[in-house]
Amino acid sequence: MTIMQEKKALRAEILLKRNNIPIEKKSVYDARIVRDLMALIQARNCTNVHAYLPMGAEINIYPLIEKLLGQKTNVYCPKTLKNRKLEHLKLEALDKLEEGLWGTKHPNQKSIYEGSFDLILVPGLAFDAHGNRLGYGGGYYDNFLSQHPHAYKVALAYPFQIVEAVPTEAHDFKVDTVVYHDL
């Protein structure tokens with residue numbers, strides 16, 4: 001099996017598991033992960049946080065984003081463009097979002113932020129103990145992360161998303177840590 005085939009199979013397996021988490025269990029996981037992530041952000045004194053806006057069965061980080069906005073932390077979110085590009089827009093409020101490509105959402109701001117980030121929340125489907133990450137296959141975050149080598153890169157996961165080894169290629173970018181919880 002090629003690396004591309006391994007990635008495709010692992011994506012399908014994890015998506016199926018993630019889409020079938022009972023809502024009660026998902027809520028408990030999400031709350032614990034948000035709590036631990038908030039503690040991490042505070043411990044690192046982050047003032048510029050890049051956060052994706054979750055979709056589908058991804059971990060619900062909206063409560064975290066609300067807390068960060070309430071504490072006057074700068075929160076920036078990606079706007080997905082074609083050709084594996086992201087624009088980064090400041091989030092003022094969660095009720096000021098627009099629909100984007102492929103079911104994504106982004107802030108309705110027009111000015112693009114091109115500064116640095118203290119911490120980047122990185123979406124993904126599978127992770128291993130070495131920081132390897134399996135994304136959705138578009139290459140958006142690999143491109144983005146390569147442009148911000150000094151930002152602390154954090155992934156969020158349910159326990160079944162932690163695997164022994166993520167199949168990787170030279171262009172795949174690692175995360176610094178994965179926040180997850182067992183029940």
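Guide: C46 is buried, at 8% relative accessible area; buried means under 20% relative accessible area, exposed over 50%, partly exposed in between (1.4 Å probe, protein chains only). C77 is also buried, at 0%. This is a predicted model, in which local features need pLDDT of at least 70 and side-chain atom pairs count only at pLDDT 80 or more, while totals for chains, interfaces and linings use all residues. Residues are numbered from 1 along each chain as its sequence is written, and side-chain values use heavy atoms, without hydrogens and water.

Visitor: How many disulfides does the structure hold?

Guide: A disulfide is a covalent bond between the sulfur atoms of two cysteines. Here it is counted when the two sulfur atoms lie within 2.5 Å. The structure holds 0. The cysteine sulfur closest to that of C46 is in C77, 15 Å away, too far for a bond.

Visitor: Which residues of helix α3 are buried?

Guide: In an α-helix there are 3.6 residues a turn, so residues three or four places apart point the same way. In α3 (residues 62–70), L64, I65, L68 and L69 are buried. They lie on the same side of α3, because they cover an arc of only 135° around the axis, taken from the directions from the helix axis to the C-beta atoms. Helices (H or I, at least four residues) and strands (E, at least two) are DSSP runs, numbered from the N terminus.

Visitor: What do the buried residues of α3 pack against?

Guide: Their partners are α2 (23–43), β1 (48–50), β2 (74–80) and β6 (119–122), with contact meaning heavy atoms within 4.5 Å.
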